[in-house]
Amino acid sequence: MSTGEYKSARQQGFLLCRHCHSLHSLEQQHQRCDVCQTPLHSRMEHTLQRSWAFLIASVICFFPANLLPIMTFKSFGSGAPSTIMSGIIELFSKGFWGIGLVVLVASIVIPCLKIIGMLTLLLSLKFHWRTSARQKTWLYRGVEWVGRWSMLDIFVIAVLVALVQLGSLASISPGHGATAFAAVVILTMLSALNFDTRLIWDKYAPTDTQHHDT
Amino acid sequence: MMKTPTSSFIACHDCDLLIARTRLQKGQSLNCPRCHAKLFHARLNPIERGLALAITSLILFLPANLLPILSLSIFGQQQSETILQSVLSLYDGGLAIVAAVVLIFAVLVPGLQILLLTYITACLQFSIAGHYLRQSLNLYHTLHGWGMLEIYMIGTLIAVIKLKDIANLEPGLGLYCLAGLIFTTCLTNSLFDTQHAWQMVKQRRNSGEAQP
């Protein structure tokens with residue numbers, strides 16, 4: 001394997017502070033970094049447990065987020081509550097294909113892909129799947145980069161609710177689906193944030209040093 | 001100062017690969033040979049540019065938040081919207097949590113980032129002691145990625161498209177300030193990074209130790 005020739009900092013007795021990127025010796029584990037004063041850990045503590053916890057919580061919130069109405073539009077006393085999906089269908093039926101696609105990608109596709117992506121990463125570490133570490137790293141980077149963009153629908157609701165307040169003429173009120181949706185976005189972001197990518201590469205490091213130790 | 005082994009190596013923050021430290025020319029960047037993470041970018045005058053951008057953002061921040069972003073008119077009735085008003089309407093609509101989320105990601109985090117950046121760059125640029133420099137840099141690093149002004153902007157755009165059939169919409173002065181603020185935020189992200197600031201903090205501390 002081509003990655004076999006590389007050695008990690010931990011194997012050679014070093015530890016990187018992830019805040020200020022200064023290098024320390026491994027003995028300083030659990031002490032504070034002398035530059036930025038944050039606690040030093042060779043790998044993030046409880047990274048997999050935390051990542052799993054946030055991911056499972058986000059999956060739970062995913063259902064109310066898509067089933068409960070996110071807002072209700074009322075004009076002259078009549079109107080129906082709309083969910084995320086019905087809002088997208090409405091945009092498509094009005095002929096706004098481009099913008100409908102943007103909302104579809106931001107509110108349905110990205111949260112789904114984020115959950116599936118994190119699930120793949122966590123399961124592959126749990127069951128030691130022999131997949132490319134480089135691909136997994138890019139998968140993580142994709143999840144991390146794209147994560148915040150699913151907040152889009154929350155801001156759309158915020159703008160609509162503030163603008164359309166014309167009494168009985170027309171008004172939009174927010175629904176509780178929005179709370180669940182915001183929770184999905186934040187929880188998946190936290191799940192990604194608590195995942196230590198260095199664990200992906202630890203599996204590929206030469207194991208000779210560990211064998212000598214044990 | 002004695003050269004310790006830790007100062008002749010760097011480690012990749014994404015895959016923990018240990019790499020020998022190399023000197024970079026201005027404008028060059030160093031990527032991890034194994035996972036291709038960007039390890040360091042020797043930017044041109046990052047502190048000076050960061051300060052300029054922080055001041056520009058500071059000027060734009062208040063009008064972007066207080067002036068109307070959009071105004072809507074329908075049957076002679078008018079309604080205008082600011083970011084803070086959208087927070088209040090969500091709160092009035094019974095969604096306190098969503099209101100808090102919008103307040104935090106679209107107002108508080110961007111505002112705090114601008115204030116921190118101003119403080120950090122001003123301290124480093126003018127060699128001010130800066131007792132809270134370390135805490136500020138840590139907080140700035142933690143907040144990275146949680147400011148969502150550009151997403152608010154796209155959200156506004158989608159709201160316009162949803163409403164343009166039933167009402168007349170006018171962009172307000174706040175929208176232009178918001179666009180400017182997003183532009184300066186993007187520039188800040190590509191021209192300034194905390195790593196360079198940390199290196200300056202380290203250098204300062206080392207020179208302080210050499211001449212007590």
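Predicted model: local features only at pLDDT ≥ 70, side-chain atom pairs only at ≥ 80, totals over all residues.

Two strands are taken to pair if DSSP finds at least two bridges between them.

**Strand β5 of chain B and its partners**

- Strand β5 of chain B spans residues 70–74, and because 4 of its 5 residues are buried, the strand is largely enclosed by the rest of the structure.
- With strand β6 of chain B (residues 77–81), β5(B) pairs in the antiparallel sense over 5 bridges, and 2 residues lie between the strands in this hairpin, where B:F75 takes a positive phi near 50 degrees.
- β5(B) is also joined to strand β7 of chain B (residues 168–171) by 4 bridges, and these two strands likewise run antiparallel.
- B:S71 has bridge partners in both neighbouring strands, namely B:S80 in β6(B) and B:E170 in β7(B).

**A:N194 in chain A**

- A:N194 is located in the loop that lies between α6 (177–193) and α7 (198–202) of chain A.
- The relative accessibility of A:N194 is 12%, so this residue counts as buried, the cut-off being under 20% relative accessible area.
- The side chain of A:N194 reaches the backbone oxygen of A:L190 at 2.9 Å.
- When its neighbours within four places in sequence are left aside, A:N194 is in contact with A:M44, A:T47, A:R50, A:S51 and A:F54.

Definitions and conventions: Residues numbered from 1 in each chain as written. Chains lettered and ligands numbered in written order. Heavy atoms only, no water. Buried < 20%, exposed > 50% of the residue type's maximum accessible area, 1.4 Å probe, protein only. Polar contact = N/O pair within 3.5 Å; in protein donor to acceptor, adjacent residues only side chain to side chain. Contact = heavy atoms within 4.5 Å.
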